[in-house]
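Open the structure in a viewer and keep the selection tool at hand.

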Amino acid sequence: PLAGKVAIVTGSTSGIGLGIARALTRAGADVVINGLGDRKEIDFVCAELEKGCPLSRIAYNGANLMDGNEARQLVKDTIADFGQVDILVNNAGIQHVSPIETFPPEKYDAIIALNLSSAWHTIRAAFPSMKENGFGRIINVASAHGLVASPFKSAYVAAKHGVVGLTKTVALEGAEHGITCNAVCPGYVWTPLVENQIDDTAKARGISRDEVIRDVLLAAQPNKRFATVEELGALTVFLCGPGGQSITGTALPVDGGWTAH
Ligand code: NAD
């Protein structure tokens, strides 16, 4: 359904972004992979994506999205290389868990820069091309923490609520130009980002790792399971396809009922 479409997925060398990139290539889109990591491993990931979908073109762009200029350049490079950008998935993100009074200010700045501002910069750069083509699909990977809060995640929750606000504004600006913009709001998905915060959460709350998984992570999700990167890939493909045409400005929870509480 997405043959001929060009997609950028930020932070797609791992986790949810990689799952979304895989789903988009399987639906026929050309995909620009972005993210940090060991170059050999990234080349391996790109080759594996290409093998599964011989009709899709895969390219890698290593822009560091902490920097707004690089974020805009990622989009410019894609348009120069592929001629257009139809689908923009803003997914790159980091987490830091700490009580606010000891939260390192530089971590706060980094989380706002990557989790919120980079999406503003890529959208700004992609909008003219999408308007010209009368088509655009922007998916911002926010979080259940874009809708509700948890303690010790002040920067992350602020950034993700910001992403939901950005999403609504962009939806209104794109509405008459065939551009939709939605936020997807995962609960907990088992990826390196979640795995890496277990120890810090255990420390902040004074409990064990197993207790973090049972009493903090899965306690938030009434269905008692982690969402999967495949589920987020399938939702993204749906939003990009014909069925998604009228869905815009939303924040869609993928959280097993967490935010229904
Ligand atoms: P992850 O750590 O597996 O992947 C993060 C990706 O971002 C990686 O590809 C990494 O290389 C990239 N990245 C990091 N710093 C970057 C930079 N400076 N420039 C460019 N890319 C950079 O994490 P994930 O769990 O897949 O998270 C992806 C998104 O989903 C994040 O925005 C996260 O907040 C959100 N999210 C995750 C969960 C979860 O439970 N895992 C839940 C809700 C929302």
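Two residues are in contact if their C-beta atoms, placed from the backbone, lie within 7 Å. The model is predicted: local features need pLDDT of at least 70, side-chain atom pairs count only at pLDDT 80 or more, and totals for chains, interfaces and linings use all residues. Numbering starts from 1 along each chain as its sequence is written.

Select Leu-24. Leaving aside neighbours within four places in sequence, Leu-24 is in contact with Leu-2, Ala-7, Val-9, Ala-29, Val-31, Ile-87, Thr-236 and Val-237.

Next, select helix H8, residues 229-240. Helices (H or I, at least four residues) and strands (E, at least two) are DSSP runs, numbered from the N terminus. Among the buried residues of H8 are Val-229, Leu-232, Thr-236 and Val-237; buried means that 20 or more other C-beta atoms lie within 10 Å of a residue's own, exposed that 12 or fewer do, and partly exposed is in between, with C-beta atoms placed from the backbone. The buried residues of H8 pack against H1 and strands E4 (87-90), E5 (136-141), E6 (179-186) and E7 (251-254).

Last, select Lys-203, in helix H6. Lys-203 is partly exposed because 13 other C-beta atoms lie within 10 Å. Val-163 is 40 residues from Lys-203 in sequence and 28 Å away in space, C-alpha to C-alpha.

Note on methods. The expected span of a helix is 1.5 Å times one less than its number of residues.
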